[in-house]
Amino acid sequence: MWYLFALASALCLGFYDVFRKVSLRDNAVLPVLLCSTSVSSLMLLPMLIASQTGLIDNSSMVYVPAITAHQHLLLVMKAAIVLLSWIFVYYGMKNLPLSIVSPIRATAPVWTLIGALIIFAERPNSIQWFGLLWTFVFFFLFSMAGRREGIDFKANKWIWSVVAGTLVGACSALFDKYIVRYADIDRMAILTYYSFYQVLMNIPLLFVIWWPNRKEQPFRWRWSILGIGVIIIVADFLYYIAIDHPDALISLISPIRRSNSIVAFIMAALIFKEKNMLRKGLCLLGILSGIAIIVYGSH
């Protein structure tokens, strides 16, 4: 039932995007990111302590095992990759409509496939090539829809910020495959330790980048920030259950997770009353159908 866990994770990620958009409205990015990652870490800390003191048995799904120094180093690398991706996406999400960000983020499996071509020397078949072409055609049409709102995809730095975050996120997906399948790191250990490392990395960034400009970029606490920290842990926990299943297909899990863009897109229409939703919605469906073609070609 790994695909049900992947779908549940996608649903959580849809609401996660909504919480992020609400939190970032007229707000400083790095403090929001630090607060949300701190909430995630505080949620996981009791499980780590209970695991190390024997209060949680090693047969439990929430047991956090001890890991080697090499495995810790790999999780430091993962934390750096994820944090960089989030910084790019957070800045873009703050300054763009959610209905623009979500379709861009939906292209992540395409970049993951391209990364697999480069890193693992994989060769796509004709169906996968068609899926790639189909996705890029609809992404071009989507950029045309963005122009109706005065957003030039070539010149807008926030578009490029989201694209950069999506590309770095694709690297994270490839790295996940390595640390779960080949480095054999337990999913709870991944979730717990990389969350801690993110907080540690975020603190110096906060003081170097945001603190000198805090008057121009004030931080306002919102309860949606708490929601970010909670729901990402739930989404990641479900995700790692899915990819840890022996029958799970990694090539399917990433596209399933990207269906979160549908949830976020619907919320953009209902909550944020964003414009030009029909045209952008058709482009989003085109992008997702291209990803579905790629997945079909993989099997």
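I began with Tyr 16, which is buried at a relative accessible area of 4%. The model I am reading is a predicted one.

**Tyr 16 and its partner**

I looked up what the ring of Tyr 16 pairs with. It forms a tilted aromatic pair with Trp 86. I noted 6.4 Å from centre to centre and 50 degrees between the planes. Tyr 16 belongs to helix H1 (residues 2-24), while Trp 86 belongs to helix H3 (residues 69-95). The two are 70 residues apart, and the pair links distant parts of the chain. Is Trp 86 buried or exposed? Its relative accessible area is 11%, so I put it down as buried.

**Other rings**

I turned to Trp 221 and Trp 223. Their rings make an edge-to-face pair, 5.7 Å centre to centre, with 80 degrees between the planes. Trp 221 is partly exposed at 41% relative accessible area. Trp 223 is exposed, at 66%.

How many aromatic pairs are there? I count nine. Ring pairs also join Phe 130, Trp 134 and Phe 138 into a cluster.

Next I checked for charges over rings. The charged end of Lys 78 sits over the ring of Tyr 194, 4.7 Å from the ring centre. Arg 214 places its charged end over the ring of Trp 211, and there the distance to the centre is 4.0 Å.

**Helix H6**

I tested the length of H6, which runs over residues 126-147. Its 22 residues, at 1.5 Å a residue, should span 32 Å. The end C-alpha atoms are 32 Å apart, which agrees.

Which residues of H6 are buried? I listed Gln 128, Gly 131, Leu 132, Thr 135, Phe 138, Phe 142, Ser 143, Ala 145 and Gly 146. Viewed down the helix axis, the buried residues fall within an arc of 155 degrees, so they line one face of H6. On the other side, Ser 126 and Leu 133 are exposed.

**The nonpolar core**

The largest nonpolar core has 86 residues. Which members touch the most others? They are Tyr 90, Ile 179, Ile 185 and Tyr 193.

Setting aside neighbours within four places in sequence, Ile 179 contacts Leu 74, Leu 75, Lys 78, Asp 184, Ile 185 and Ile 190. Lys 78 is the residue with its charged end over Tyr 194. Asp 184 gets an entry of its own below.

Most residues other than glycine have a negative phi. I therefore wrote down the exceptions I came across.

Asp 184 has a positive phi of about 55 degrees, although it is not a glycine. I found Asp 184 in the loop between H7 and helix H8 (187-210). At 61% relative accessibility, Asp 184 counts as exposed.

Asp 26 has a phi near 50 degrees, again positive in a residue other than glycine. Where does Asp 26 lie? It is in the loop between H1 and helix H2 (29-52). Its relative accessible area is 63%, so Asp 26 is exposed.

**Contacts across the sequence**

Thr 37 lies in helix H2. At 4% relative accessibility, Thr 37 counts as buried. Beyond its neighbours within four places in sequence, Thr 37 is in contact with Trp 86, Gln 198, Val 199 and Asn 202. Trp 86 is the ring partner of Tyr 16. I also took the C-alpha separation of Thr 37 and Ile 232, which is 9.1 Å for residues 195 apart along the chain.

Trp 158 is in helix H7 (residues 157-182). Its relative accessibility is 24%, so I noted it as partly exposed. What does Trp 158 touch, leaving out residues up to four places away in sequence? The contacts are Tyr 91, Gly 92, Asn 95 and Leu 96. Trp 158 and Leu 96 are 62 residues apart in sequence, yet their C-alpha atoms are 7.0 Å apart.

I ended with Ser 102, in helix H4 (residues 98-106). Ser 102 is buried at a relative accessible area of 2%. Not counting residues up to four places away, Ser 102 touches Ser 261, Ala 264 and Phe 265.

Notes. Residues are numbered from 1 along each chain as its sequence is written. This is a predicted model: local features need pLDDT of at least 70, side-chain atom pairs count only at pLDDT 80 or more; totals for chains, interfaces and linings use all residues. Side-chain values use heavy atoms; hydrogens and water are left out. Helices (H or I, at least four residues) and strands (E, at least two) are DSSP runs, numbered from the N terminus. The expected span of a helix is 1.5 Å times one less than its number of residues. Buried means under 20% relative accessible area, exposed over 50%, partly exposed in between (1.4 Å probe, protein chains only). The arc is that of the directions from the helix axis to the C-beta atoms. A nonpolar core is a set of buried Ala, Val, Leu, Ile, Met, Phe, Trp, Tyr and Cys residues joined through side-chain atoms within 4.5 Å. Contact means heavy atoms within 4.5 Å. Rings of Phe, Tyr and Trp (its six-membered ring) pair if their centres lie within 6.5 Å; planes under 30 degrees apart count as stacked, over 60 as edge-to-face and the rest as tilted. A charge sits over a ring if NZ of Lys or CZ of Arg is within 6 Å of the ring centre and within 35 degrees of the ring normal.
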